[in-house]
Each structure stands twice: as structure tokens, then as C-alpha cells.
Amino acid sequence: MMGPAHALSGATAWLAAGAAAYTLDRPMPWPVLLAGALICAGAALAPDLDHKAATVSRAFGPLSRALCEVIDKLGAATYKATRGKGDPRRNGGHRTLTHTWLWAALSGAVAAGFSAYGGRWGVLVVLFIHMVLAVEGLLWRQARMSSDILVWLLGATSAWTLASVLDKAGNGSNWLFDQPGQEYLWIGLPVALGSLVHCLGDALTVSGCPVLWPIPIGRRRWYPLGPPKMMRFRAGSWVEIKVLMPVFMGLGALGAVAALGFIG
């Protein structure tokens, strides 16, 4: 899928998680619901760090472009070193390492560690990165018409504001993980979820997605998981824009309403 659909699917996934948390008597305070939805939207763009033309590659200027070069080469090398007998030869690292459940889990763990043990600046760094990506994904038309500096300023302002709100008692810094020293550990969850949702979204497209790597399927370690080919679509097609994105919006609205306790 393209960046806007990925970001929207990430936000929707966290709002659905908020609804599930409410039914399990672990409701999210509204700042956690809001911050998590934005983090998850941003994290749903991050796996395309292996794609030089993706939204994430231009989000942080030369820094993100250089990182994309490194991740592309790392993905290609990992594919070459671990491919099974049934996996075809290929060039480039797109839809390899960063498009797996293992990468999603590691991304969440790193974000949780920075947030929980890096102090306020650790939280701000994680928030800033994902707020910028959320702006690039959810407000992509406006982001492309403005300068990078304005997008970064909006990301920084959003990160500072959310951190200040979350810091207040009862606003969710210790949601789900409530032992001393575990504040903000939950931030790893929307990061991991966003990355995983990205993989599931790509699995719906023609090429599929090797989300289960390194678990082998038959003679392949990089099996492109997806529905039957007749149900797949091309990235950026009318199915994505005219069907999936409106569905994500509707489900996200329902999730938000349920997560805040306005249903049932």
C-alpha cells in the first residue's frame, strides 16, 4: 500500500486496540489513545525504510535518505544469506527484513526501551520521529506542499505537547505497565503494531509480504504471505483509495467511540 493508507491503517489499528482494552477493563486514558494512534500511524510508514522512493525516505531529509540506503543493503544481504531453496534470486532489499514480524517486535522493544529508560528526552525522541511520520502520512498533501522544516516543527511541537499532557497524573504515562520505573513502556506497543499492520497491508497487494520470516514455509523462508491472488490489488489502485481508506476511517471512528466508553 501507499503511505497515506499505511498511516491510516496504523491509526485505525490502535483505536481498535483501545476498544479492546476498554472491554478488558484496562481502558486507555484519552491521551494514550490519541498519542498511540499517532505513533501507530507513523510507525506504519517505518518498514518502508528499505525503499528509497517511500515517504519515510524523505521525511528527515539527507539523514533518512542515507538510512534508507543502509537498510536497503542490509535487507538485500539478509535475504541473500538466509533465502531458502525455493526463494528466487533478487536484487535490492525492499520487502525483506523490515517487512517481518521479527522487525516489528524489535522496533517495539527499542522504542519501549528508549521511552521507559531514556528519561524525558527518550520519550521526546520517540514521539518526535513518529509525529513527523504521522504528519507525512496522514496530512500528506499538506506536507508535500510545505517545507521539511515546517513538518519538523509541527512534529516537535506535537511531541512536546503530548509528552507534557501524558506526564500529568492520571493521563497515562503508566498505562498498562504500572510498576515504578515502567512509565512509558507502553509506547513500544503502537510502534510494534504499526510495523505489523504495514506488513499485513502489503500482504494484500500483488507481491505479498514475507511477514513470517524467518519461519520457513515449504522450501521458502521469504514466503510472500497474502490472500488468494484474485483478491489482491496493486499499491495505489482504486481499491486502496476508494475502498480501503474509507473503511479504515469508519472503523477508526467506531474504535475511538468504543475506546472512550460511548458504546455499551
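Read along the sequence, the chain runs α-α-α-α-α-α-α-α-α-α, which comes to 10 helices and 0 strands. Here, helices (H or I, at least four residues) and strands (E, at least two) are DSSP runs, numbered from the N terminus. The radius of gyration is 18 Å, close to the 18 Å that the globule rule gives for 264 residues, so the chain is as compact as a globular protein of that length. That radius is taken over C-alpha atoms, and the rule is 2.2 Å times the number of residues to the power 0.38.

This is a predicted model, where local features need pLDDT of at least 70 and side-chain atom pairs count only at pLDDT 80 or more, while totals for chains, interfaces and linings use all residues. Residues are numbered from 1 along each chain as its sequence is written, and side-chain values use heavy atoms, with hydrogens and water left out.

As for burial, 46% of the 264 residues count as buried (under 20% relative accessible area; exposed is over 50%, partly exposed in between, with a 1.4 Å probe and protein chains only). Of the contacts (heavy atoms within 4.5 Å) with a separation of 6 or more, 69% link residues 24 or more positions apart.

Pro214 counts as partly exposed because its relative accessibility is 30%. Beyond its neighbours within four places in sequence, Pro214 touches Trp101, Leu102 and Arg221. Its C-alpha atom is also 9.2 Å from that of Arg83, although 131 residues separate Pro214 and Arg83 along the chain.
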